[in-house]
Amino acid sequence: MAFEIKSIGIIGAGQMGNGIAHVCALAGYEVILNDLAADRIKSGLATINGNMVRQVSKGMYSEEERQAALARIQGSDKTASLADADLVIEAAVEKEEIKRRIFTEVCPHLKPEAILATNTSSISITRLAASTDRPERFIGIHFMNPVPIMQLVELVRGIATEDETFELSKEFVTRLGKTYAVSEDFPAFMVNRILLPMINEAIYTLYEGVGSVDAIDTAMRLGANHPMGPLQLADFIGLDTCLSIMQVLHEGLADSKYRPCPLLVKYVEAGWLGRKTQRGFYDYRGEKPIPTR
């Protein structure tokens, strides 16, 4: 009998993990939302519920569909709870050593035929796959943030990824109602290979005094018809994630044009990581965001 994906395990209950759980449950999958911290699971489930309530209020889903989707999601802080999952998606912080450690811990608990995926936005799929016991059944499934809203998913094969793994992943993304784009396994893949250098250049523009935060974001919103300015977007992504991706590009492609802006490094060192810490290129602690420079 052909292998079929029916149940999804998600490692990490943060912004990306709870977003993936949200869309999987609405698509009819049974979901295990796994995290080491019980409070993050509780917060993730609350976020999912709140986002679904908003979707119901907009007429996107019925109240019955919301309740049925929530009933399909189970939270767990035990790695062993992923034992019966057909597809496990890692959605942890964008640090290679952390992802490798997660794969080392989780692989012994997975059934042999389970597919293991990573939501990494920049790290080599081939290299991550080599740290697992199943490189043939390992793939990059990169969701965009916020997951319930964004239509695109990047699919990235490692050098060892089998055709069956690739085809099953395409079917999975399609069932979610998303559109997939296939990227080769190069640093930062497609979207972030293009997007993050633009954000980094906007930070250089601020760093060099060419314009203020407000001026730069206004210029790109009204001059390039972007839905939000690059500095506002950087805050939304997380400045630590932006820095990690630029470091992957700089180290992986050995080109000085990918050098992270020193101002980006300084903000991360200060702990000003954007919306998640209430401070980045904007200060979010008041009634409305205020530019910090």
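A pocket, on a 1 Å grid over the protein atoms alone, is an open set of points where a 1.4 Å probe fits, with protein on both sides within 12 Å along at least five of seven lines; its lining residues have an atom within 4 Å of a point. This is a predicted model, in which local features need pLDDT of at least 70 and side-chain atom pairs count only at pLDDT 80 or more, while totals for chains, interfaces and linings use all residues. Residues are numbered from 1 along each chain as its sequence is written, and side-chain values use heavy atoms, with hydrogens and water left out.

Start with the second largest pocket. Its lining has 15 residues. N51, R54, P146, P148 and I149 lie nearest the centre. Helix 1 (15–26) and helix 2 (38–57) are the elements that give two or more residues to this lining. Helices here are DSSP runs of H or I with at least four residues, strands are runs of E with at least two, and both are numbered from the N terminus. The space in the second largest pocket is about 370 Å³. That volume is the space filled by probe spheres set on the grid points, which are joined across faces, edges and corners. The lining holds five nonpolar, eight polar and two charged residues. In this count Ala, Val, Leu, Ile, Met, Phe, Trp, Tyr, Cys and Pro are nonpolar, Asp, Glu, Lys and Arg are charged, and the others, Gly among them, are polar.

The peptide bond from N145 to P146 is cis, with omega near 0°.

M16 touches A91, N119, F143, M144, N145 and V147, leaving aside residues up to four places away in sequence. Contact means heavy atoms within 4.5 Å. M16 is buried, at 18% relative accessible area. Buried means under 20%, exposed over 50%, and partly exposed in between, with a 1.4 Å probe and protein chains only. The C-alpha atoms of M16 and H142 are separated by 9.9 Å, although the two residues are 126 apart along the chain.

T118 is in strand 5 (residues 115–118). Its relative accessible area is 0%, so T118 is buried. Among the residues that T118 touches are E90, K99, F103, I141 and H142. T165 lies in helix 6 (residues 163–175). T165 is also buried, at 0%. Its contacts, beyond four places in sequence, are I115, E136, R137, F138 and I139.

Now the cysteines. The disulfide count is zero, where a disulfide is a pair of cysteine sulfur atoms within 2.5 Å. C107 is buried, with a relative accessible area of 6%. C242 is in no disulfide either, as the nearest cysteine sulfur, that of C261, is 12 Å away. C242 is buried too, at 1%.

Finish in the loops. A188 has a positive phi of about 70° although it is not a glycine. A188 is placed between strand 8 (179–183) and helix 7 (191–207), and is buried at 0% relative accessible area. Q278, another non-glycine, also has a positive phi of about 70°. Its loop runs between helix 11 (262–270) and strand 9 (282–283). Q278 is partly exposed, at 34%. S81 is in the loop between strand 3 (73–76) and strand 4 (87–90). At 26% relative accessibility, S81 is partly exposed. S81 touches I32, N34 and S76, not counting residues up to four places away in sequence.
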